[in-house]
Amino acid sequence: MRLRDEEKNLKLGERRESARKQQKMQDRGKIIVINIAVALVIVMIALTVKAVVLDKNTKQQKSEDNKKVVEATDAPSTTPAPSSTPEPVGADRWIRKDLDSTKPMVALTFDDGPYAKVTRRILKSLQENGGRATFFVVGNRIETYAETMKLAYDQGNQIGSHTFDHSDLRTMSVKQLKKEIKKTNKAVSAVIGCDTTALRPPYGNVNKKMRKTIPVPMIYWSLDSEDWKSRDAKSVIKQCKSVKDGEIILMHDLYPSTAEAVESIVPKLVKSGYQLVTIDELFYYKGIQAKGGKVYYSGR
Ligand code: NI
């Protein structure tokens, strides 16, 4: 019996031993699994952090790139500084909404262009002094000076019609008149994307037929610079000395003497408190509801 008991005890011991070993193995297995799980979690956290940092970096890079693009396009451009609101397009461009209606205004107008050599000097002077003007262009000159006219428009200046070929509109039939207006608008619109909203009749000639047919206001002037007559900057400057609020000044962007006069007149007017406006701005701020076919001499 004793022997058997001992054998039994021995077997029991062996079983216990193997059970302990098994338990140990299982425990080790569990520890390994837990370790792997912990390692995986750490790797995932590390990857997530890296991804977030990378994303932040690329976003920063992108915004810096955008800034660079804005700076790059700003530098050579001659258009006004970018504002938070987008620039209006078409004829809406010809009325700035941030002018002071209580301050005096003058509308400089230039006929018979565009003419790169002179028009561009005038544009530069206006741009440097925050002024705008109206260019009554001759339709058949547009193809040659399209870029100059586009620049005038881009800088916020108004483009008006001075007919297609500078002909006396009084001699035309209603049908011819309509054709002439359409032809000019087509040439203007091909470059700036919109029609004209004002017309200056060549030679200042107007008749009843024109009043009935022309769909936009006809713009005369209250001050003639006589630049075409004198072709002398000093004379033009002298002629413009009597300027008053609401004046529409007649000039021609054909003569270098006119450009020279403008380079002197524009900064002087701005310094004395005048706002240099387009025809549409003059009407807008002076409360004039301009009608098609009607003649206007000034903003007074
Ligand atoms: Ni003319």
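**Reading cores, a metal site and a helix pair**

Modeller: Leu 269 is found in helix H8; helices (H or I, at least four residues) and strands (E, at least two) are DSSP runs, numbered from the N terminus. This is a predicted model, in which local features need pLDDT of at least 70 and side-chain atom pairs count only at pLDDT 80 or more, while totals for chains, interfaces and linings use all residues. Residues are numbered from 1 along each chain as its sequence is written, and side-chain values use heavy atoms, with hydrogens and water left out.

Biologist: Is Leu 269 buried or exposed?

Modeller: Buried means under 20% relative accessible area, exposed over 50%, and partly exposed in between (1.4 Å probe, protein chains only). Leu 269 has a relative accessible area of 6%, so this residue is buried.

Biologist: Which residues does Leu 269 touch?

Modeller: Contact means heavy atoms within 4.5 Å. Not counting residues up to four places away in sequence, Leu 269 touches Val 243, Tyr 274 and Leu 276.

Biologist: How is a nonpolar core to be read, and how many residues has the largest one?

Modeller: A nonpolar core is a set of buried Ala, Val, Leu, Ile, Met, Phe, Trp, Tyr and Cys residues joined through side-chain atoms within 4.5 Å. The largest has 39 residues, and those with the most contacts inside it are Leu 108, Phe 135, Ile 159, Ile 192 and Met 251. Among the elements that give two or more residues to this core are strand S1 (105-111), helix H2 (116-128) and helix H8 (256-271). H8 gives the most, with six residues. A second, separate core of 13 residues includes Ile 219, Ile 248, Ile 279 and Leu 282.

Biologist: How are two packed helices described?

Modeller: Two packed helices are described by the angle between their axes and the distance between the axes. Axes are lines fitted to C-alpha atoms, for helices over the stretch in contact, and angles run from 0 to 180 degrees between N-to-C directions. H2 and H8 pack at an angle of about 5 degrees, with their axes 9 Å apart. Angles under 35 degrees count as roughly parallel, over 145 as roughly antiparallel, 65 to 115 as roughly perpendicular and the rest as oblique; H2 and H8 are therefore roughly parallel to each other.

Biologist: Which residues coordinate the nickel ion?

Modeller: Donors are N, O and S atoms within 2.8 Å of the metal (3.2 Å for Na, K and Ca); water is not among the atoms, so sites may look incomplete. Asp 112 (OD), His 162 (NE2) and His 166 (NE2) coordinate the nickel ion at 2.0 to 2.2 Å. Along the chain, the donors follow the spacing D-x49-H-x3-H. Asp 112 counts as buried, at 14% relative accessibility.
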